[in-house]
Structures are given as structure tokens and as C-alpha cells.
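Welcome to my notebook. I went through this one with the viewer open, and you are welcome to follow along.

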Amino acid sequence: SDVPVPKMLWRERDAAVLGGPFYVMDHVPGQIPADNPPFPTEGFVFEASPAQREKLWWSGIEAMTRVHKVDWKSLGIERLSWSHLGATPIERHLRFYERYFEWAKRGQPQPVAEAALEWLQRNMPVGEPVGLCWGDARIGNQIFQDFEVTALLDWEMATVGNPVLDLSWWLFVDEVNMRGNGIPGMERPRLEGLPGHGATVARWEELLDRKAEHLHYYEVFAGFRFAAVMIRIMQQQVAYGTFPEEIGLVLERNNVVTQLLAEIMHLPPPE
């Protein structure tokens, strides 16, 4: 396809080499907007001109839509449809992440995420378009040269479903970035030149010649998925000794992701 990805060189199945199977790709030179510290606070995007930021953003959106235009059925990747989990793509995705969420939370209360899951189950859309989804669609998974995308990275969440899944994840993660990933003092106003939510949705629709149907539903789904991931991140931080377990339990349910999820669902903020 015309999706820019690093060239795959080989796969090694013998676990004796590095302790597990692995693959090797070409090195793609360039710059990647950082997660830590968040790219709106420092680094090449922060230091760029408004025109350069705008160029970077639109290049990133255009590259993402190339994924959505791929004829996935011709690639022999039907296994990404997760057909064993349900009748429709969204039912399958929801069931997959519900299982992950229940495993991750270990019986601890998660009021915001639990409310989101209940809402998502009640409001599943029907009759949706189906295409290849990148899964972890965000600007921090793109390599740039001269503010143009040269590669998309991190495909372990790739799946088949409504491509709005990717658009909503991009938008939700971007808002988390602008909030400094929840790091006190890292919050920033939107950098000049970076298009906002409405303009981004409109450009995505223009590039694919379709409406971003059920966008709010998928933004809630993005928040729910991210909330489940944050539980594990906080558990890892406790395991690393970053903070004690009692603090970790609070941060599992009250963090920048669950705060944003509560906002878009008009729920009380997490405690």
C-alpha cells in the first residue's frame, strides 16, 4: 500500500537469540513528537513556527487516512477482524477491551470508566463502514522529516472496524497531550498553528469523502480504552516504586484520562 511504514527486513522465530521471537525493520531517520515531556511543552514541535506545526499536523492526518483507504481484504489480514468476539466490529472491540478492563482493575471500583462502559454497551452503533484501523493513531507514533510524515509506527493495536476509531483516538490523545499528560505545571494552551478539533474532523471527512459518523460514541470509547490502559500504567509505576500503592489506587481512577472522559460524558469528576 502507500501507507508509509519502515521496511520489514526479517523475522526471527528462534527465542534463543534474544529470549523471544523478534523482527527487524529499516531505520527511518527523523523526529518524533515526544510523550514525555509532552511535545506541546518542549522539543521540535514546541520550537517550530506556526506554519511548520500546521504542515506537520495535516501531514499526520493525511498519512492516517491512507490507512483507512487500504483494501484490507486483499492483504490477507482477516484475523484482525476479531470475528470470534462478536457479530460486528464495535461489538468485538468493546468485548475485547471490557475483558482487558476487568482484568486490569482487579475488582477495584472505577466509577468513570464503568459508567462509560455501560453507556457504550447501551449505545452501540449499527450498520457502520468497515476498514483497516491503525489502532494507536496519534502524532507520537509518526516520524517526521521537514514536518512531513515518513513513517507510521506501533501497529500492535491494529484492527478492522469503523475508521472513526482512529480519528477519535487521535483527538482524545491530543487533548491529553495538551493537558500535559496530567503532569502538574505542564498544561499548555494549544500551540499556534495546530488545527483544532473541528478543523481536524472536517479535513478527515474531506480526505475520505465520508462523514465521521458516531464520532462522540468513539470518543467515549477512546476514553474508556485509555482509562483501562492508565490502570495498568499506574500499577506499573507502583511496581517501579514511583509512588506507594495507596496513591496508585487513587491515580488508577483519577487521572488526566478519566478526568477528560468524565467531561465529555458530563459526569462528576473522578475522586
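I began with Asp146, which sits in the loop between β4 and β5; helices (H or I, at least four residues) and strands (E, at least two) are DSSP runs numbered from the N terminus. I am working on a predicted model, where local features need pLDDT of at least 70 and side-chain atom pairs count only at pLDDT 80 or more, while totals for chains, interfaces and linings use all residues. Residues are numbered from 1 along each chain as its sequence is written, and side-chain values use heavy atoms, with hydrogens and water left out.

Asp146 is not a glycine, yet I found a positive phi of about 55° for it. Most residues other than glycine have a negative phi, and most peptide bonds are trans. I noted Asp146 as exposed, at 56% relative accessibility (buried means under 20% relative accessible area, exposed over 50%, partly exposed in between, with a 1.4 Å probe and protein chains only).

Next I looked at the strands on either side. β4 (residues 142–145) and β5 (residues 148–152) run antiparallel and are joined by four bridges; strands pair if DSSP finds at least two bridges between them. Ile143 has Ala151 in β5 as its bridge partner. The two strands form a hairpin with two residues between them.

**Other backbone entries**

I placed His214 in the loop between α6 (197–208) and α7 (215–240), and it is partly exposed, at 36% relative accessible area. I also logged a cis peptide bond between Asn36 and Pro37, with omega about 0°. Pro37 belongs to the loop between β2 and α1.

**Aromatic rings**

How many aromatic pairs does a search of the whole structure find? I got 13, counting rings of Phe, Tyr and Trp (its six-membered ring) with centres within 6.5 Å; planes under 30 degrees apart are stacked, over 60 edge-to-face, the rest tilted. Phe44 and Phe147 make a tilted pair, 6.0 Å centre to centre with 40° between the planes. Phe44 is in helix α1 (residues 44–47) and Phe147 in the loop between β4 and β5, so this pair ties together parts 103 residues apart in sequence. Both Phe44 and Phe147 are buried.

Tyr217 and Tyr218 pair edge-to-face, at 5.5 Å centre to centre and 75° between the planes, and I found both buried. Trp82, Phe96, Tyr97, Trp119, Tyr217, Tyr218 and Phe221 form one aromatic cluster.
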